[in-house]
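Here is a short report on side-chain packing and pairing in one protein model. Look at the sequence and the structure, then read on.

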Amino acid sequence: MQSSYTREELLACGRGEMFGPGNSRLPAPNMLMMDRVTRMEETGGTHGLGYVEAELDIHPDLWFFDCHFIGDPVMPGCLGLDALWQLLGFFLACSGGPGRGRALGVGEVKFTGQVLPTAKKVTYRINFTRVIKRRLFMGIGDGEVEVDGRVIYTAKDLKVGLFTDTSTF
């Protein structure tokens, strides 16, 4: 497992060039919600079970500002939540997990701020609370979204699984 990944590597993952056929892919732009993974540790974090951190550079011309909302642009909160699921699934794939990633849920989400077009950088962090590496590869973790140094979302018990067959999912 590498400790960081560039935008180019994340885009290669989205094209299926990183983990092989039938395995995890990140979404392609515009749904890829990170520009780089800055830190990934298989035994780090507050519980010693893994930690991952990524960043998204904010530009006023990002696609969602034009439509959410006209005259009151703000990044949709669901995109920050999706970014945490993307990051959790990417961590599992980097850990050697086979299959395609699917979000399985979240226990609790709190929004205490917003991402405006004037922001510079969003940082996503996940501390893993459980990683299962059996027939089902699954990760559970607590995440946070920070904008320009201020935590604005927290998510407890984020869950992502890797599935070798998604036809009946």
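## Salt bridges

Arg-7 and Asp-35 meet through their side chains in a salt bridge, 3.1 Å from N to O. A salt bridge here is a side-chain nitrogen of Lys or Arg within 4 Å of a carboxyl oxygen of Asp or Glu. This pair links distant parts of the chain: Arg-7 sits in helix α1, Asp-35 in the loop between α1 and β1, 28 residues apart. Helices (H or I, at least four residues) and strands (E, at least two) are DSSP runs, numbered from the N terminus. Arg-7 is partly exposed, at 25% relative accessible area. Asp-35 is buried, at 12%. Buried means under 20% relative accessible area, exposed means over 50%, and partly exposed lies in between (1.4 Å probe, protein chains only).

The model is predicted: local features need pLDDT of at least 70, side-chain atom pairs count only at pLDDT 80 or more, and totals for chains, interfaces and linings use all residues. Residues are numbered from 1 along each chain as its sequence is written, and side-chain values use heavy atoms, with hydrogens and water left out.

Glu-55 lies in strand β2 and Arg-36 in strand β1, 19 residues apart. Glu-55 is buried at 12% relative accessibility, whereas Arg-36 is partly exposed at 23%.

Arg-125 bridges to Glu-144, with the closest N and O atoms 3.0 Å apart. Here strand β5 holds Arg-125 and strand β6 holds Glu-144, again 19 residues apart. Arg-125 is buried at 17% relative accessibility. Glu-144 is partly exposed at 25%. Shared partners also join Arg-36, Glu-55, Asp-57 and Lys-121 into one salt-bridge network.

Glu-53 is found in strand β2. Its relative accessible area is 14%, so Glu-53 is buried. Its side chain makes a polar contact of 2.4 Å with the side chain of Tyr-51. Another polar contact, at 3.2 Å, reaches the side chain of Arg-125. A polar contact is a pair of N or O atoms within 3.5 Å; within protein, one must be able to donate a hydrogen and the other to accept it, and residues adjacent in sequence count only if both atoms are side-chain atoms.

Beyond its neighbours within four places in sequence, Glu-53 is in contact (heavy atoms within 4.5 Å) with Val-37, Thr-38, Arg-39, Leu-87, Thr-123, Tyr-124 and Arg-125.

## The nonpolar core

Nonpolar side chains tend to be buried together in soluble globular proteins. The largest nonpolar core in this model has 43 residues. Such a core is a set of buried Ala, Val, Leu, Ile, Met, Phe, Trp, Tyr and Cys residues joined through side-chain atoms within 4.5 Å. Met-34, Val-37, Phe-90, Val-115 and Tyr-124 have the most contacts inside this core. Elements that each supply at least two of its residues include α1 (7-14), β1 (36-41) and β5 (121-133). Helix α2 gives the most, with 11 residues.

Phe-90 touches Tyr-5, Leu-10, Cys-13, Met-18, Phe-19, Leu-26, Val-37 and Met-40, not counting residues up to four places away in sequence.
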